[in-house]
Amino acid sequence: MSHSASSCAWGPATSVLSWRVPFDRGASLMLNPKILRAELDEIARQLGRRALTIDRDWFTIREQKRKQLQTNAEQLQNQRNTNSKLIAQGKSAGQDVSGIMDEMGAINAKLKAGEGELERLQSEIHAWMLTLPNLPHESVPDGNTEADNAVVRTWGEPPEFDFPPLGHVEIGKRTEGLDFGKSAKIAGSRFVTMQGQVARLHRALIQFMLDVHVSEHGYREVYVPYIVNDESLTCTGQLPKFEADLFKLSTDSPYYLIPTAEVPVTNLWRDTIAKEEELPAKYACHTPCFRSEAGSYGKDTRGMIRQHQFEKVELVQLVKPEASWRALEELTQHAEIILQKLELPYRVVTLCAGDLGFAAAKTYDIEVWLPGENRYREISSCSNFVDFQARRLKARWKNPATGKTELLHTLNGSGLAAGRTLVAILENCQDSEARVRVPEVLQPYMGGLEIITSP
RNA sequence: GGAGAGGUGGCAGAGUGGUCGAAUGCGGCGGUCUUGAAAACCGUUGACUCGAAAGGGUCCGGGGGUUCGAAUCCCUCCCUCUCCGCCA
C-alpha cells in the first residue's frame with residue numbers, strides 16, 4: 001500500500017532490504033517468525049490439528065539461503081558505512097580519497113548483485129508465512145467439523161409450546177414486521193426490510209446491548225468507519241486469504257465494507273505502544289456488517305439468519321498477554337449476560353481445532369435456541385487471538401517489569417448479532433396468535449410496549 | 001473542487017549533501033539536596049531486527065531516483081493544517 005503513512009508491515013525494517021518486499025501493504029507474519037524458524041516441527045504439529053500440512057523442506061531451504069544472503073549483504077553495508085565515514089574525514093582533512101571511492105564502487109556492485117535474489121526469497125517466504133493460520137490453544141479439542149465442537153454449558157430451557165411454533169419468516173409476515181420481497185426488489189437476495197414495531201425492536205436491542213456493556217461491563221463506546229482500507233483487513237487477518245467474503249468498493253483505492261466492527265476497532269491500536277495504565281482497552285461498538293457470503297449458496301437462503309447486511313454490537317479487548325485467557329472467559333460471559341437478560345435459552349460450545357477461524361487461538365460460540373428450526377444457532381463468536389493480530393498490527397505495550405515493548409493480545413466477540421437476536425425473540429416469545437412478547441428489559445426501549453401484534 | 005503551508009524521537013522543535021539515530025526544550029527514569037515534597041543541579045531516556053555474546057544492520061510520512069555518500073536534492077503517492085467554494 002503506497003497511499004498511507006502507516007503500515008502494519010513486519011517492522012520498520014526487519015532486515016536489510018526488507019522494505020523492498022512487495023508485501024509492504026501490511027502483511028506481516030502471523031506466527032512468531034523466530035519460533036517458526038527455531039521450532040518448525042512443533043509448529044507443523046500444532047497446525048496439523050487444523051488439518052493443515054506445511055511444507056517444511058520448502059521453507060527450510062529458502063530460509064537458509066535467505067540468511068546467508070542477508071548476512072553477506074549486511075557485511076557489505078557495514079563496509080560501505082565505514083568507508084563513507086572515512087571519505088568524510090579524509091575530505092575534511094584535505095586528503096586524497098579516490099582509493100576508497102573506487103572501493104565503494106566495488107562494494108555497491110556486490111550489494112546490487114545479491115539484491116534481486118534476496119528480495120525474491122524474502123517475498124516468497126513472507127507470502128508463505130501469510131497463509132499460516134494461528135496455532136490452536138492446547139485447550140482446544142481435536143476435530144475437523146462442527147460435530148466435534150464441545151458443549152461447555154447450557155443455560156435456560158427451550159420453551160414448550162402447545163401449538164406448532166412458527167419460524168421468524170412467518171411471524172415477520174403476520175406482524176408485517178419483516179419483508180424479504182421488498183428488499184429483494186431494491187437490492188437482491190439476502191437482505192431484509194424491517195418495519196414498525198419489529199424495526200423498533202431491532203433498534204431497541206442494539207441500544208440495550210450497548211447500554212449493558214458500557215454501564216455494567218466497563219466497555220467504552222466507539223463509533224468507527226464502515227469502510228476500511230486493505231491494510232486494516234490484513235492486520236486483522238481477513239486479507240489476503242478471504243477477499244471473496246468481502247464487499248469491495250470499485251474505487252481507485254482498495255476500500256472494503258467492513259465485515260465486522262472487529263476490523264476498524266482493533267485497528268485503532270495499529271502502530272501503537274500502550275501504556276500499562278491504558279490496559280485493558282475494552283470497546284463496545286455497534287456497526288452494520290457486510291458479507292458477500294460467497295460460497296454459501298443454498299445455505300440459509302430463507303429468512304434473516306444469513307444476510308449480506310446485518311447489525312452487530314461487537315466487543316473488542318486489547319490486554320496484557322498474561323490476562324488474555326481470563327479475558328476470553330469474561331468477554332464470553334458478557335455476551336451471555338445479554339441472552340440471560342433477554343431470557344433466551346442458549347449453550348456455549350468450544351470450537352474444535354478444525355473449525356477454528358484463521359486468526360483465532362480459541363473460540364467459544366454462543367448458540368441460541370431457535371424454536372422455528374428446533375435447534376441451537378450461532379449468535380455470537382468470542383475469540384482470543386493472542387498475539388497473532390497484534391503482531392500484524394504492531395499493537396504493543398511497554399512492560400514495566402521487563403522495560404521492553406511487547407505485543408498485546410487481542411480478543412473480540414459479538415455481543416450480540418442483532419438480527420439473529422431479533423429472530424430468537426420472535427421465535428421464542430411467540431404465542432399461538434403469532435404475537436410476540438417483548439422481553440421485559442427491552443420494554444423501556446419500546447415505549448412500554450409489551451406485545452408486538454399485527455398493525 | 002480551487003489556492004497555499006507542512007509531515008523529523010512520547011510531545012515541542014532544530015537540522016538543507018558527509019564523522020547525524022539526529023541539537024535543544026518539555027515529559028519519563030535514576031541520583032544529589034530535603035523530615036517529606038517542590039525547586040535547583042547531575043546523569044539517563046526512540047523503535048525494529050540478526051546474533052549465545054561481542055557486535056552488526058534498518059528506520060527522519062510511504063515508494064522510487066540522483067550520488068562514493070541523502071533527514072537534507074529530484075519524482076510520485078498518502079496524510080495534516082489554513083483560506084475560498086460546496087454540502088449534512
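Reply: In this predicted model, strand 4 and strand 8 (residues 281–290) run parallel and are joined by 2 bridges. Within that pairing, Arg220 has Tyr283 of strand 8 as its bridge partner. Helix 10 (residues 324–342) packs on the sheet and touches strand 1, strand 8, strand 9 (309–319), strand 10 (346–350), strand 11 (362–370), strand 12 (375–384) and strand 15 (409–417). The direction of helix 10 makes about 5 degrees with that of strand 15.

The sheet as a whole is open and has 8 strands, in the order 1-10-11-12-15-9-8-4, with mixed pairing. Strand 1 (150–155) and strand 4 (220–221) each have a single partner strand and stand at the edges, so one side of each has no neighbour in the sheet. A further helix, helix 12 (residues 418–428), lies across strand 9, strand 11, strand 12 and strand 15. Helix 12 runs at about 40 degrees to strand 15.

The packing can also be followed through the nonpolar side chains. The largest nonpolar core has 50 residues, and those touching the most other members are Leu201, Leu339, Leu342, Ile366, Leu422, Ile425 and Leu442. At least two residues of this core come from each of helix 7 (196–215), strand 9, helix 10, strand 10, strand 11, strand 12, strand 15 and helix 12. The greatest contribution to this core, 9 residues, is that of helix 7. As a general background, nonpolar side chains in soluble globular proteins tend to be buried together.

Leaving aside residues up to four places away in sequence, Leu342 touches Leu205, Phe208, Thr421, Ile425, Pro439, Val441 and Leu442. Another core lies apart from the largest one and has 23 residues, including Leu40, Ile54, Val140 and Ala359.

The cysteines come next. The structure holds 0 disulfides. For Cys352, the closest cysteine sulfur is that of Cys382, and at 17 Å the two are too far apart for a bond. Cys382 is likewise in no disulfide, its nearest cysteine sulfur being that of Cys289, 14 Å away. Cys352 is buried, with a relative accessible area of 0%, and Cys382 is buried with a relative accessible area of 0%.

Tyr223 is exposed, with a relative accessible area of 69%, whereas Tyr226 counts as partly exposed at 25% relative accessibility. The pair of Phe242 and Phe358 is edge-to-face, because the ring planes are at 70 degrees, with the centres 5.5 Å apart. Phe242 belongs to the loop between helix 8 (230–236) and strand 6 (255–257), and Phe358 to the loop between strand 10 and strand 11, so their pairing ties together parts that are 116 residues apart in sequence. Phe242 counts as partly exposed at 30% relative accessibility, while Phe358 is buried with a relative accessible area of 11%. One aromatic cluster is formed by Trp58, Phe59 and Trp128.

A further open sheet has 3 strands in the order 7-13-14, again with mixed pairing. Strand 7 (272–274) and strand 14 (404–407) are its edge strands, each pairing on one side only. On average, neighbouring strands of this sheet are turned by 35 degrees against each other, direction ignored. Strand 13 (residues 395–399) and strand 14 run antiparallel and are joined by 4 bridges. Across this pairing, Lys398 stands opposite Thr405 of strand 14, and Asn399 stands opposite Lys404 of strand 14. The hairpin of strand 13 and strand 14 has 4 residues between the strands, and in this hairpin Gly403 takes a positive phi near 75 degrees.

Methods. Residues are numbered from 1 along each chain as its sequence is written. Chains are lettered from A and ligands numbered from 1 in the order in which they are written. This is a predicted model: local features need pLDDT of at least 70, side-chain atom pairs count only at pLDDT 80 or more; totals for chains, interfaces and linings use all residues. Side-chain values use heavy atoms; hydrogens and water are left out. Two strands pair if DSSP finds at least two bridges between them. Contact means heavy atoms within 4.5 Å. Axes are lines fitted to C-alpha atoms, for helices over the stretch in contact, and angles run from 0 to 180 degrees between N-to-C directions. A nonpolar core is a set of buried Ala, Val, Leu, Ile, Met, Phe, Trp, Tyr and Cys residues joined through side-chain atoms within 4.5 Å. Buried means under 20% relative accessible area, exposed over 50%, partly exposed in between (1.4 Å probe, protein chains only). A disulfide is a pair of cysteine sulfur atoms within 2.5 Å. Rings of Phe, Tyr and Trp (its six-membered ring) pair if their centres lie within 6.5 Å; planes under 30 degrees apart count as stacked, over 60 as edge-to-face and the rest as tilted.
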